[in-house]
Amino acid sequence: MRKTHPWYVISYPMGDEDAVLYHCLEELNNVSEKGIAVLPEYVAYTPKQAEKALMKLKETATKRKISIITTLNIVPVHLPHMKNNSNYNTLVVITKEGKVHTPQAKITPQSFERRQYDEKFPKINVSDYYYLNKVQMKIGNEVKTALFVICSDIYTLLAGVKDVQDFKVDYCIVPGNFGNGAEAAVRRVLQRFRSAGIFETTIFSNPYQLLKKAEQTPLVQKACDYEQKEQDVSSSLTDWERIQLLKQNFLIYPDEQIQSFVHMANYTTMDEGRITVPMSRFHINVKVEQYPEMIEL
């Protein structure tokens with residue numbers, strides 16, 4: 001089938017950081033010139049590996065003349081309101097010319113992202129962020145608006161911002177790393193925002209797990225979604241409905257209760273799938289602002 005848009009939504013299998021990076025680089029070889037690749041969250045989640053991944057992704061972007069979107073555990077290049085020399089789960093946009101933009105960081109890092117509870121778990125230790133930054137993107141001859149919502153920051157669409165119209169953009173792009181079941185909750189929320197006319201198009205990427213035995217339950221479920229708003233927009237999204245979406249699709253937990261990704265995945269399968277958010281990020285006041293640079297993809 002002929003491709004009618006420049007977006008390539010790519011997944012990767014869970015594994016060690018080198019294996020994930022290698023897989024992503026192989027997949028990026030299938031992206032056509034001027035294509036825009038969206039990878040899941042955390043192609044690299046430790047600082048040393050993230051620097052290596054950034055270098056390799058830049059090389060691939062310039063060599064193949066493509067743009068790449070993911071998140072990395074880095075000190076951002078030009079993140080608005082960043083704390084000096086602090087690492088964030090940083091949204092990285094690498095253009096086909098190799099320019100790196102960092103317009104967003106994760107607002108709701110999981111407990112194990114914020115703190116290493118045990119040395120047997122990876123040391124991630126990213127900082128908190130408090131802003132959703134709308135972005136202007138030039139794609140060909142068109143200028144489009146976008147909101148990058150990193151994984152569990154889906155929570156901020158329902159809590160932390162008073163006026164739902166503040167989110168209105170052409171694209172909502174979600175690089176995810178959701179535990180099994182939570183991907184269904186993501187889809188429910190994004191579908192409602194599309195039907196309300198808040199988002200024209202939603203893009204959602206999530207990893208998958210290669211299982212040794214068919215009867216095993218995966219920790220994650222693959223997502224490579226590119227969904228557009230249907231022509232008929234339904235009723236506006238009310239505050240009451242946002243509250244109901246929050247109640248139906250999220251689980252708030254005490255930080256110390258979930259000390260690793262595997263612990264988190266024990267909870268995401270609850271009911272019909274729930275997104276986890278640590279108690280430390282429950283009461284947040286999120287400011288919606290504008291990223292100052294135009295990103296030319």
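1. Start with Glu 113 and Tyr 42: their side chains make a polar contact at 2.7 Å. (A polar contact is a pair of N or O atoms within 3.5 Å; within protein, one must be able to donate a hydrogen and the other to accept it, and residues adjacent in sequence count only if both atoms are side-chain atoms.) Keep in mind that this is a predicted model, where local features need pLDDT of at least 70, side-chain atom pairs count only at pLDDT 80 or more, and totals for chains, interfaces and linings use all residues. Residues are numbered from 1 along each chain as its sequence is written, and side-chain values use heavy atoms, with hydrogens and water left out.

2. Where does Glu 113 sit? Look in helix H3, residues 111-114. (Helices are DSSP runs of H or I with at least four residues, strands are runs of E with at least two, and both are numbered from the N terminus.) Glu 113 counts as buried, with 3% relative accessibility. (Buried means under 20% relative accessible area, exposed over 50%, and partly exposed in between, using a 1.4 Å probe and protein chains only.) Leaving aside residues up to four places away in sequence, Glu 113 touches Glu 41, Tyr 42, Asn 89, Lys 106, Ile 124, Asn 125 and Val 126. (Contact means heavy atoms within 4.5 Å.)

3. Now for the partner, Tyr 42. You'll find Tyr 42 in the loop between strand E2 (36-38) and helix H2 (47-64), and at 5% relative accessibility Tyr 42 is buried. Check the backbone here too: the phi of Tyr 42 is near 55°, a positive value in a residue other than glycine. Most residues other than glycine have a negative phi. His 81 is also not a glycine and has a positive phi, of about 65°. His 81 lies in the loop between strand E3 (67-74) and strand E4 (88-94) and is partly exposed at 44%.

4. On to Ser 111, which is in helix H3. Is Ser 111 buried or exposed? Buried, at 1% relative accessibility. Ser 111 and Tyr 253 are 142 residues apart in sequence, yet their C-alpha atoms are 9.2 Å apart in space. Not counting residues up to four places away in sequence, Ser 111 touches Tyr 117, Tyr 253, Asp 255, Ile 258 and Pro 278.

5. Next, the aromatic rings. How many aromatic pairs does the structure hold? Nine. Tyr 45 is partly exposed, at 24% relative accessibility. Tyr 88, Tyr 129 and Tyr 131 are linked by ring pairs into a cluster.

6. Some rings have a charge over the face. Lys 222 lies over Tyr 208, 5.2 Å from the ring centre, and Arg 281 lies over Tyr 130, 4.6 Å from the ring centre. (The rule asks for NZ of Lys or CZ of Arg within 6 Å of the ring centre and within 35 degrees of the ring normal.)

7. Turn to the inside. The largest nonpolar core has 60 residues, and Trp 7, Ile 154, Phe 167, Phe 193 and Phe 199 touch the most other members. (A nonpolar core is a set of buried Ala, Val, Leu, Ile, Met, Phe, Trp, Tyr and Cys residues joined through side-chain atoms within 4.5 Å.) Helix H4 gives the most to this core, with six residues. A second, separate core of 25 residues includes Tyr 12, Ala 37, Ile 74 and Val 92.

8. Helix H5 (residues 239-249) has Arg 242, Gln 244, Leu 245, Leu 246 and Asn 249 as its buried residues. Those buried residues pack against helix H4 (182-195), strand E11 (250-253) and strand E12 (275-278).

9. Last, the cysteines. The count of disulfides is zero. Cys 224 is in no disulfide either, and the nearest cysteine sulfur, that of Cys 24, is 11 Å away. Cys 151 is buried at 4% relative accessibility, while Cys 224 is partly exposed at 34%.

Technical notes:
Disulfide = S-S within 2.5 Å. Phe/Tyr/Trp six-rings, centres within 6.5 Å; stacked < 30°, edge-to-face > 60°.
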